[in-house]
Every structure is written in structure tokens, then in C-alpha cells.
Amino acid sequence: METPGSQSSLHRANLERVVRAVRMAGSLTQAEIARATGLSAATVSNIVRELKDSGTVDVTPTSAGGRRARSVSLSGDAGIVVGVDFGHSHLRVAIGNLAHKVLAEEAEPFDVDSSAAQGFDRAEQLVERLLATTGVRREKVIGVGLGVPGPIDVETGVLGSTAILPGWTGINPRDELTARLGVEVHVDNDANLGALGELVWGSGRGVADLAYIKVASGVGAGLVMGGQIYRGPGGTAGEIGHITLDESGPVCRCGNRGCLETFTAARYVLPLLTPSHGADLTMPAMVALARGGDPGCRRVVADIGRHIGSGVANLCNLLNPSRVVLGGDLAEAGELVLDPIRDSVSRYAIPSAARMLSVVPGALGGRAEVLGALALVLNEMGDAPLLEPVGEVVRASA
């Protein structure tokens, strides 16, 4: 029997620290494990040998800093995680293992007017299809991450009011999907998952404090503080879209006037181009035209950037993040939108906060949220913050 403070309990605690560090990073060298856990190199070496002998981890030769090293990752048999992301017009599902390898991924169109029951039916079918494609038995799945475009009540798990999936308000997505898949489901909004995806695999790697800004049919921000997603006591932290820019501005869906969203979201800005570009213009099409030199689209993209920059400046003054990652379709505009954001931040943020901030495009594109859903499961499996350095996304070979 283990007793608190005994050698056996200390050894088990050290084993768990190593496994947790490797799980959150995907793969680490033994030196990186030692730095992440605070354990001595000798202790890490002994633990890795023990975990390898038990089949818990795989050890492969690699190099670090020009020197030979050994990369440690969890065994492919350790378990499978599933990510599900519902967006404005898509359903995306990914399956990965604990070594951060994406085994399969697929997206399909999704009608925003579909009921929650129809959405979960399709999600279940897509999960089953990908499991069959990869040859993974359902009992190997140890957790599911689910992203939805709306606020989640942290106490009840109920989805709040959402203009993107209006028929889903009042639904408990965690319970719905848990009942269908028979495995624990962790739920968060799409902006938080985008932040988590970029933190673990994308433009946020190695950064402990960042904001992920997503501009689409709405505007949201995922906030990372000290390596962890910050949700606030009610789960609504990051609603940057409802910062007031003009008290006499357009009426927002929230009931206020002149919110950031009314100057940046697709439903408000695309009509500005209807007379010259037609009513069927989409955000991706506008961005593509702007990159091609279209003057009207360039003007709208630049205006959006300046308005986003005003909101980012407020974040800088309040939270002082070291990096802002722009996600969603707008990120494809590159410097056409990033430069105006930086200009507004320079103008409106406290100089010391603006000086320390970098504004970069997301590296994962439309995959950020579903990869964040995978990372959410890995994060919820332990109580440690996300550790760096972290691994890159690796697609399994066919």
C-alpha cells in the first residue's frame, strides 16, 4: 500500500508528471522532459526506460541543437481522441492519437438551419466513418472535444444564444454527444478552440499569453493566460466583438450600438460591396479579390483591420498579451489586414504593451478549431498547463 510521502508514491507521482508532459507536448526529448517537469536527467532517464518497457511510450532517435537525442512520445496504442467542430457552414471531424498525430480528418457542408438533433446525427455518422477508415476500434476512444459557435454556460453546459446556429439555443451539446458516442465529451466555443489549436500546433507555439481573434459571421476571441484558456466565471470571456466603438453606430444583434462586430463581421461589411460586386460575395471571395488588387475589397479589408486593431488595443491595455493570432477567412488577407491592425494598436494601446505585442496570421486556417478540440481533450485529461515546446501536426501516412 502506498502512503503519502513514501518512495512508491513519489515514484508514481514522477511517472505521472512525465506522462502528462509528453501527452501535452506530443513528443519531447529527455532533456525537454527534465526542464518541463523539474526532474533530474537521471530520474527522467530511468522513468522513460520504465515507461518504454511497459509499452506506454515510444522512444525514437532524433537530434536537438545539433546533438543526438531521443524523442519520447506516447505509444500509438495508448488511446485515441476525437475532435468535432460545428461552424457556420461546415462540420469537421478529426481523429488523433496521444502522440499528436492526426490519423484522419474530414469536413462536409453543414446547413445552419439544421436542428441540433440532425447535427449530432451527422457528427456521429462522420465519427463512425473515420474510425472505420482508420481501423480504430470505438473502445479505443478515450475522449471527444466538441466546438460550437456560441457561449457555453460553465455551470450547466447549456449553449447560450447564438446567431450562427439559432435552433441550438438551450441545448446541452456535451450531454447530447456523450449519449450518442458513449464517451466523455468536453465542449468549448470555437474561438477558444482556435486559440488552443494555434497554441499547441500553430502560430502560438511557445507563447504563454495570447489572444486568438476570429472574424467570420461574428467576432470572437480566445484568450490564453499562463498557458491556459481563460474563460471567466461565466464562460463568456473573450467577447471582443461587443466592445463599443461608436455609441451612435449600427445596432448590433446584442442590442447595443456600434459594437466592433458591426464594423467587421461578414453580415455587416459584405453589403458595403453589394452595389459593385453583387449580393453573392463571401468573405473568402472578398479576401481573394483584395489580394488580387481589387480597390474596393482592399479598402474594406483595411477598414476591418483598423477596427479590429482598436479592439486589440483594448485587450493590450487590459491583459497585455505577447501575441495576437488572427484566424478565420480574414487571416488569408495577410499584411493587407495585419498592417492596419498594427497601426491601430500602435495608436490606441499603451506604448509598453504595444511594443511587446506581435500580430500574426494563424497557421492552421480552417483546421484550427477541430485541432483545438483534440487539444482540449488532451488538456482536460490532466491538471497541468500546456507545456512547451510542443510538436507540430503530423498526418499519418496512408
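Predicted model: local features only at pLDDT ≥ 70, side-chain atom pairs only at ≥ 80, totals over all residues.
Which helix lies across E1 and E3, and at what angle does it run to E1?

**Entry 1**

I found helix H2, residues 30-37, lying across both strands and running at about 95° to E1. Next I looked up the sheet that holds these strands. It is open, with three strands in the order E1-E3-E2 and antiparallel pairing. I noted E1 (27-29) and E2 (57-64) as the edge strands; each has a single partner, so one side of each is left without a neighbour in the sheet.

**Entry 2**

I followed E2 into E3 (residues 67-74) and found eight bridges between them, in the antiparallel sense. At one pairing, Val 57 has Leu 74 in E3 as its bridge partner. At another spot, Ser 63 stands opposite Arg 68 of E3. What sits between the two strands of this hairpin? I found two residues there, and Gly 65 takes a positive phi near 65°. A reminder to myself while looking along these strands: side chains alternate between the two faces of the sheet in a regular strand.

**Entry 1: the five-stranded sheet**

I wrote down its order as E11-E10-E9-E12-E13, and its pairing as mixed. Leu 210, for one, has Arg 323 in E12 as its bridge partner.

**Entry 2: the second largest pocket**

I looked up its volume and got about 260 Å³. Its lining has 16 residues, and those nearest the centre are Ile 152, Arg 174, Val 187, Asp 188 and Arg 231. Which element gives the most to this lining? I found that E8 does, with five residues. Strand E8 (185-189) and helix H14 (368-380) each supply at least two lining residues. By type, I sorted the lining into five nonpolar, five polar and six charged residues.

**Entry 3: salt bridges**

How many salt bridges does the structure hold? I have 19 in my notes. I picked out one of them, where the side chains of Arg 138 and Glu 128 meet at 2.1 Å, N to O. Arg 138 lies in the loop between helix H4 (116-134) and strand E7 (141-148), while Glu 128 is in helix H4, so this pair ties together parts that are 10 residues apart in sequence.

Definitions and conventions. Residues numbered from 1 in each chain as written. Heavy atoms only, no water. Pairing = 2+ DSSP bridges. Helix = DSSP H or I, 4+ residues; strand = E, 2+ residues; numbered from the N terminus. Contact = heavy atoms within 4.5 Å. Axes fitted to C-alpha atoms, helices over the stretch in contact; angles between N-to-C directions. 1 Å grid on protein atoms, 1.4 Å probe; cavity = no way out; pocket = protein on both sides within 12 Å on 5 of 7 lines; lining within 4 Å. Points joined across faces, edges and corners; volume = space filled by probe spheres on them. Nonpolar A, V, L, I, M, F, W, Y, C, P; charged D, E, K, R; others polar. Salt bridge = Lys/Arg side-chain N within 4 Å of Asp/Glu carboxyl O.
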